[in-house]
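Try each task before you read the solution.

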Amino acid sequence: MPLDQFAVIESTLREGEQFSTATFTTDDKRRIVEALDTFGVEMIEMTSPCASPQSAADIRAVVAMNTRARILTHIRCKREDALQALETGVHGVDVVIGTSPQLMQHSHGKSIRQIIDTALEVCEFIRAQSPDIILRFSTEDTFRSRESDLLRVYLAVADSGFVNRLGVADTVGVATPNQVSYMVAQLVRLTKLDIEFHGHNDSGCAIANAYAALEAGATHIDTTILGIGERNGITSLGGLVARLYTLNREHVSKYHLPTLPMLDALISELCDLPIPFNNVITGASAFIHKAGIHAKAVLADPSTYEAICPEDFGLTREVSIGHRLTGWNAVRGRAQKLGLDLPDAVIQDITRVIKERADTVALSMDEIDALLTSAREEVV
Ligand code: HCA
Ligand code: CU
């Protein structure tokens with residue numbers, strides 16, 4: 001599948017709600033959905049209506065917003081959950097059941113035979129009730145499940161013809177990109193269904209694994225804003241976008257990229273969570289250039305040290321000047337920005353002063369501007 005034809009299943013309102021500091025009010029959910037719809041995600045996944053009465057009411061409220069994005073809910077593989085999901089009027093239902101020995105023993109206690117029977121019964125029920133609904137079946141903890149078990153389950157569900165999509169879930173964040181690629185490629189080869197990847201970040205591979213899934217033919221990737229979710233979360237929306245953008249901007253040109261900083265800021269505010277300094281695209285230092293050699297090249301042409309163009313996301317770059325690693329090109333760049341025409345020799349003198357003083361303590365931009373302005377007065 002060409003890489004720009006994938007779809008995002010944005011799960012901030014499901015997986016994200018499982019993050020330690022996330023409790024979204026109905027109004028919060030509306031704000032998040034509106035912003036995600038502006039950004040242009042294809043699908044929005046919401047917490048199961050079985051979680052609480054408010055969760056069910058919130059799904060209805062969001063469905064009533066008539067978004068461009070399709071609204072999905074996420075349920076256990078149970079007929080009673082399916083019934084409640086259908087009553088909300090959602091456009092799609094994501095069904096999940098654990099297949100790893102750990103979850104089979106401690107979560108639901110079913111054998112593989114029983115998992116298959118339940119999956120077929122629940123999926124048949126949903127399809128019978130709602131012929132047009134988008135139905136997905138996923139195996140929780142795919143990467144700690146036995147491969148032969150997985151194939152039995154996936155093929156039985158695929159052959160039944162009830163579902164549109166199969167989900168692969170790295171529930172505890174242990175999969176490597178190669179393992180993801182192998183599993184997704186098998187499902188692409190063996191079924192004609194869409195394939196979704198959901199990956200946790202426990203070992204820091206959530207973005208790389210999502211990309212491996214796409215390369216292997218996955219059609220849908222689960223994300224959350226800032227990557228929030230159980231424990232340390234899943235693939236972040238911004239991370240997936242950055243991963244694809246740096247390969248080819250066209251892969252993500254279908255999204256309204258300048259909305260991304262607002263989405264990250266919104267979750268940061270609602271979850272009382274600072275945006276990490278090293279966050280892709282919206283981390284505070286993502287577009288700050290510091291060393292003199294970098295600053296010189298970036299001032300000549302930003303692409304020298306920028307894989308991502310901040311302007312595409314409505315952001316700006318910053319050249320940091322008041323430190324001992326600074327260079328005179330950066331200082332000249334600042335003088336030009338202030339409209340101060342100074343001879344190179346003067347700029348070089350000021351650079352020496354900055355370096356000397358910064359050996360003790362870094363200078364603020366105001367202090368640098370003062371040095372440049374008074375030098376200009378002396379030159380005149
Ligand atoms: C969960 C588990 C899940 C499900 C993913 C999926 C996971 O919290 O319910 O439905 O594909 O990580 O396995 O998020
Ligand atoms: Cu998850």
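**Exercise 1. Find how far apart the C-alpha centres of domain 1 and domain 2 lie.**

Solution. Keep in mind that this is a predicted model. Start with the bounds: domain 1 covers 3-270 and domain 2 covers 288-379. Now take the C-alpha centres of the two domains, and you get 46 Å between them. Next, look at where they touch, counting heavy atoms within 4.5 Å as contact. Domain 1 puts 9 residues into the contact, and domain 2 puts in 7 residues.

**Exercise 2. Work out which residues coordinate the copper ion (ligand 2).**

Solution. Go through the donor atoms: Glu-15 gives OE, while His-198 and His-200 each give NE2, at 2.1 Å. Read along the chain, these donors are spaced as E-x182-H-x1-H. Then place two of them: Glu-15 sits in the loop between strand S1 (7-10) and helix H1 (26-39), and His-198 is in strand S7 (residues 194-199), so this pair ties together parts 183 residues apart in sequence. Are Glu-15 and His-198 buried or exposed? Both are buried, taking buried as under 20% relative accessible area.

**Exercise 3. Describe how H1 packs against helix H2 (residues 53-63).**

Solution. Geometry comes before side chains here. The angle between H1 and H2 is about 35°, and their axes are 10 Å apart. The crossing of the pair is right-handed. On the H1 side, the contact uses Thr-26, Lys-29, Arg-30 and Val-33; H2 answers with Gln-54, Ser-55, Asp-58, Ala-61 and Val-62. Sort the contact residues by type and you have 3 nonpolar, 3 polar and 3 charged.

Terms used
Residues numbered from 1 in each chain as written. Chains lettered and ligands numbered in written order. Predicted model: local features only at pLDDT ≥ 70, side-chain atom pairs only at ≥ 80, totals over all residues. Heavy atoms only, no water. Donors = N, O, S within 2.8 Å, 3.2 Å for Na, K, Ca; no water. Helix = DSSP H or I, 4+ residues; strand = E, 2+ residues; numbered from the N terminus. Buried < 20%, exposed > 50% of the residue type's maximum accessible area, 1.4 Å probe, protein only. Axes fitted to C-alpha atoms, helices over the stretch in contact; angles between N-to-C directions. Left-handed = near helix turned anticlockwise from the far one by under 90°. Nonpolar A, V, L, I, M, F, W, Y, C, P; charged D, E, K, R; others polar. Domains from an automatic or database assignment.
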